[in-house]
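Colleague: I am new to this structure and would like to go through some of its residues with you. Could you begin with the terms you use?

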Amino acid sequence: MKARDTLSYSFGAIRLRKVRSGLTTLGIVIGVGAIVALLSFTQGFQVAITGQFQEGLSTDVVTVQTGSTGFGFNSNGDSDFTLYANDTELVNEIDGVVTSSATISKTVTAELDDSDRTLSLTGADFDTYRELYSTFVAEHGIIPDNPDDDEMVIGHSLYDPWNNGTHLVEPGDTVNVYYTVRNGTKLVPVNKSVTIVGILEEIGAFGFGPSDTGAYISLESAMEYFDSEEISQISVKLESDDSDFIDSVSEDIEELFLNEVSVVSATAMLNTISNALDTVELLLGGIAGISLLVAGIGIMNIMIVSLMERTREIGILKALGSTGRNVLLIFLGEALLIGLIGGALGIGVGALLANFFGRFMSGLGGPGAQRAPMAITPVLTPTLALEALLFGVLVSVVFALYPAWRASKLEPVEALRSE
C-alpha cells in the first residue's frame, strides 16, 4: 500500500468516526493551545518588562543605597548606615564617575481635583537629575534649574491618569500634599502647599529614575519638608555602560563607604529579571506540556477502544493482502492526522488566548502604587508555532504506537472470527 493510499484510508477512518475523532483532536487542541498561549504571552511579557526597564533605567547609571541587595533590589532594614547629600562630592572624585545626584523620597498623599492620590514625592537636584535621566523632560510647563521651595514637577499619569484627555491638574495649579506623623497617640498630617510648574512627558516605564506616577521637588525643599538630613539614594552617572567598567567603579564606590552600601546597576537588575522570567517561561511551558501528555494518554485509550471495535475490519484488510506494516501505518497515519489537525487548530486557539491575556493584563498596568499602563503584545514566532505543532504530532504518534502495534499483530483468521 502506497503512502498516499495509507493516509487516504486513515483520513477516511477519521471522517467515518467524526465525533470520536473530534473529541480526540480536542485534547491536542487544548494541549497545543496551552503551550502556545502561555509561551507567547510569557515572551511578550518579557519583552514588555525588558523594554520598560531599558527605557526607565539608563544603562550607564548606578544607584548607591545603604544595606544589602537581594534579587537585584535593595533591602536596608538591617543597616544603620546613613547617606547624606554631600556624599555626592566624595563619589564625584572617583575615576569614571561623570556626576551624581542625591535623592530623598517619601510616600505622600496629594489632593488633586477633589481626590486624594498616593504618590512618591522625590527631592532631587533638577539640573543634575536631568543630566542622569533623559526621560526627565517636560511636556507641559517647565523644569526649572533652580526651583523654588513650593514648585513641583509631576509625572504624566498624575496629569492624565486615564489617557483620555481628562486632566486632574494643569501647570500653575496649587495643590496640597501631606504625610502623617504620630504625635503621642494622635496622627498629625504634615502639609505642604506646592505649585505645579511642569508635567513630564509620558515615560511608560518603571525603574529607579523618573516615573509617570512620581512627583518631584527640589532636594533642599524635600529635606526640609521631610525633616531629615538622610537621603534615600545616590544616582551615579558613569563614563561607560560596559559591564566590566561598571563592576570596577561599583567596587570603588563600595570601598569608599567601607562596604556599608550596595551599588545596583540597571544592567545587573535587567539580567536578574530576564533570568527569572526565563525560569517562569520554562515552568509554564512544562505545565502546558503536561496537559498535552494527558491528551496523548487519551489518544492511546481511544485508539485501543477503536482497535477492539475494528478487529474484523483489520482481519478483512489482512485477508485482502495487507501486511502488518500496512495496518501499523494506517493507525499511525490516523494519529499523525489528528496531531496535525489538532496542532494547527491549537496554534490558532493559543494565539487568540494569548492576545486576550495580553489585553487583560495590559489593562491592569505595571507594578507600583499608581500603576502605569504597560502594553503586552504576545510574541508568537514561527519557531514557537512549529515546535508546538511538532510536539503535538510527536505526542499523538508516540501514544498511538502501542495500539497500532497490537493491531498489526492480529492474526487474520482470529480477527475475522471476532464480533
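Modeller: Buried means under 20% relative accessible area, exposed means over 50%, and partly exposed lies in between, with a 1.4 Å probe and protein chains only. This is a predicted model, in which local features need pLDDT of at least 70, side-chain atom pairs count only at pLDDT 80 or more, and totals for chains, interfaces and linings use all residues. Residues are numbered from 1 along each chain as its sequence is written, and side-chain values use heavy atoms, with hydrogens and water left out.

Colleague: Why is valine 97 called buried?

Modeller: Valine 97 has 8% relative accessibility, and therefore counts as buried, since the limit is under 20%.

Colleague: What does valine 97 touch, leaving aside residues up to four places away in sequence?

Modeller: With contact meaning heavy atoms within 4.5 Å, valine 97 touches Val91, Asn92, Val236, Lys237, Leu238 and Val249.

Colleague: How do you know that aspartate 247 is partly exposed?

Modeller: Its relative accessible area is 43%, so aspartate 247 is partly exposed, as that value lies between 20% and 50%.

Colleague: What makes aspartate 227 exposed?

Modeller: Aspartate 227 has a relative accessible area of 68% and is therefore exposed, the limit being over 50%. Aspartate 227 also has a positive phi of about 55°, although it is not a glycine.

Colleague: And why does asparagine 259 count as exposed?

Modeller: Asparagine 259 reaches 58% relative accessibility, so it counts as exposed. Asparagine 259, which is not a glycine, has a positive phi of about 60°.
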